[in-house]
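Please look over the sequence and the structure shown here before reading on.

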Amino acid sequence: MNQRESGLGAETGVLEFIARLQSSVIATGDVGAACAAAMPDFLRLTGSRFGFIGEVLRGSDGLPFLRTHGMTDISWDAESRRRYTARGSGGLDFRRPDTLIGHVLRTGEPLIANAPANDPRSGGLPPGHPPIDAFLAMPCRSGERLVGIMAMANRQGGYDEGHLRLLAPIAGTFATIIHAMRLEEERRRAEQDLARAQFTAAESWRRFAHALDAIDQTLMLWGPDERLIYCNSNARAFYPAMADRLVPGLGFTDFATMVWDHGYVGNHEGPREAYMRARVASFRSGAGPIERDLGDGRWIRIRDSRTSDGHVLVIGNDITELKRREIALTEANARLESQARDLEAMARHNAAERERAVEASRAKSEFLANMSHELRTPLNAIIGFSEIMERQTFGPMPEKYAEYARDIVGAGRHLLSVINDILDVARVESGRHDLAPEAASLRDIVESCLRIVRGRASEKQLRLGLACPDGLPAIRVDVRAIKQVLLNLLSNAIKFTPSGGRIEVSCEASPDGESVIRVRDTGIGIPEEHLEEIFTPFFQVDAGLPRSYEGVGLGLTICKTLVELHGGRMAASSRVGQGTEIAVFLPASLRLAGAPPGPSRGASA
């Protein structure tokens, strides 16, 4: 984890360095100053002592050389200090091909030398030069073209490929900056050439002015005396209230005053004096671009380009639509942030409500469990005394009293069964039902349950059938819980199947490895619209009054919960008047690999 955090910290440091370098270049427009200011941070990225960042240029002989934009002061004597100071912001030039830097200039490949003194690519150091113990050079490419080199030296422990990967984003950014600055220089030269071309010949001026009228930008050319020489038609259209006064000879200060007086300045520009100072200063310095709010809903981006002969070309672009989109995006972001805060608040509220609901459910389950225990104790006493009276243990009693005793025993046992069901549900919901898995034969479990219910089935003249194939693998389950599930299913089948009907139990292994138990009956069936509800607590298909069948609707809920505790599931299918099938699916993970199967027996009836 520490190594990962260290890697993330280094990557974060690289990103922050890139951001600061870009911001400095954008703010100052001076790559050399930006690189010089960034050198301490650059060295800290790898713990290096020396370093430089430079641009690859071509000499008059066509050969590449390196000129530094930022460099550690490694002067070691008066002469080297004089050379370093004399170059100043202009940087130092590296032209020798028989050096480590020369190798990178010639090959354009990264270089790591952790023993420079013994490296055959090194041409040695000048006398008195501080020792170089380790050296790394990273080429900066713009496309296929080598435009710069960044290097660092004397990191304790040397350098490796990881440092090259770490510096790769910085190299790419510096290459982009160099490329952009070269393009900017080309653009500036082009603008200056354009400004000079306006004065080449009188006969070309008319055609040139006509062409400028056709562009969709505002264009105004001011002379060295800050008076208007030319204004295209688009500029007059942009300032309609003062269009007739945009004529040659107009002073720039008068122009800026008219812009204010005619309301072409937004409120955020500040008082008149502040606006005038800022606008005139921008015009005279050739700074830009700058964005202006015209006060009527329109926005313009202005670039003041000063030529070498003192002229100023002011180019304006209507950015109203762009600003509208920015405002719309800002408002949309604000709405999204507000919605995100609302969603977070809603999530916290829902989490709190969910926690309260869970706590309420737990309290309910514990209450039911406690109350059921409190009820079961006196109920067992009632059932016991009633059985004594039913058997007339202490002497004969009138037949009517004996019948009452039998009714009390039956009602008590039914109530005890309901309480036991409630206890089972409460135990599961409160998280206190722990499984006790053991290896078992699925067929043995089914046959054991059939023996228990066989007497009740005989009383209703119902036929019981079992179909289990030979070779079923053993499973690891809570035998008591699975028996409880099967006994509940068989009891329901006996309860809802008329006399003379049939109940069949089958077990099998599905193709995907599940162990499947099915209980089918020829009973009254369940309407299709109620099949999804039969596993919910207290649901009963026969819910009308008077009811034909006993029960409170907890049996299938308990079955489903016990099966799900094993990772299984239950499914039901039924047709009214034809019968019902309930299937129990136990997952393949419960099968014991290599365990002996249950006894091989055929179907029984």
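The sections below go from the whole chain to its cores, then to a sheet with its helices, and end with the cysteines.

## Overall make-up

The model is a predicted one, and its 605 residues include 41% that count as buried. The protein has 14 helices and 18 strands. When contacts between residues at least 6 apart in sequence are considered, 59% of them join residues at least 24 apart.

The accessible surface of the protein comes to about 33,300 Å², and carbon and sulfur atoms account for 54% of that area.

## The nonpolar cores

The largest nonpolar core holds 44 residues, and the residues with the most contacts inside it are Leu489, Leu490, Ile503, Val505, Met570, Val584 and Leu586. Two or more residues each are given to this core by the helices α12 (442–459), α13 (479–496) and α14 (555–565), and likewise by the strands β13 (463–467), β14 (475–477), β15 (502–509), β16 (515–521) and β18 (579–586). The element that gives the most to this core is α13, with nine residues.

Leu489 shows how such a residue is surrounded: leaving aside residues up to four places away in sequence, Leu489 touches Val519, Leu556, Cys559, Met570, Ile582 and Val584.

Five strands form an open sheet in the order β13-β15-β16-β18-β17, and their pairing is mixed. At the edges are β13 and β17 (569–575), each of which pairs on one side only. Direction ignored, neighbouring strands of this sheet are turned by 10° against each other on average.

Strands of a sheet pair through backbone hydrogen bonds, and they may do so in parallel or antiparallel fashion. In this sheet, β13 and β15 run parallel and are joined by five bridges, and Ala467 has Ser506 of β15 as its bridge partner.

Two of the helices named above lie across strands of this sheet. Helix α13 lies across β15, β16, β17 and β18, and runs at about 20° to β16. Helix α14, in turn, lies across β17 and β18, and runs at about 140° to β17.

## The disulfide and other cysteines

Which cysteines form a disulfide in this model, and how far apart are their sulfur atoms? The structure holds one disulfide; its partners are Cys468 and Cys507, with sulfur atoms 1.6 Å apart. The torsion about the S-S bond of Cys468 and Cys507 is about 125°, and the disulfide is therefore right-handed. The pair links distant parts of the chain, since Cys468 is in the loop between β13 and β14 whereas Cys507 is in strand β15, 39 residues apart. Both Cys468 and Cys507 are buried.

Cys35, by contrast, is in no disulfide, and the nearest cysteine sulfur, which belongs to Cys140, is 9.4 Å away. Is Cys35 buried or exposed? Because buried means under 20% relative accessible area, Cys35 counts as buried at 1% relative accessibility. Cys449 likewise counts as buried, because its relative accessibility is 1%.

Key. Residues numbered from 1 in each chain as written. Predicted model: local features only at pLDDT ≥ 70, side-chain atom pairs only at ≥ 80, totals over all residues. Heavy atoms only, no water. Core = buried A, V, L, I, M, F, W, Y, C linked by side-chain atoms within 4.5 Å. Buried < 20%, exposed > 50% of the residue type's maximum accessible area, 1.4 Å probe, protein only. Helix = DSSP H or I, 4+ residues; strand = E, 2+ residues; numbered from the N terminus. Contact = heavy atoms within 4.5 Å. Pairing = 2+ DSSP bridges. Axes fitted to C-alpha atoms, helices over the stretch in contact; angles between N-to-C directions. Disulfide = S-S within 2.5 Å. Areas by Shrake-Rupley, 256 points an atom, 1.4 Å probe, with all protein chains shown as cover.
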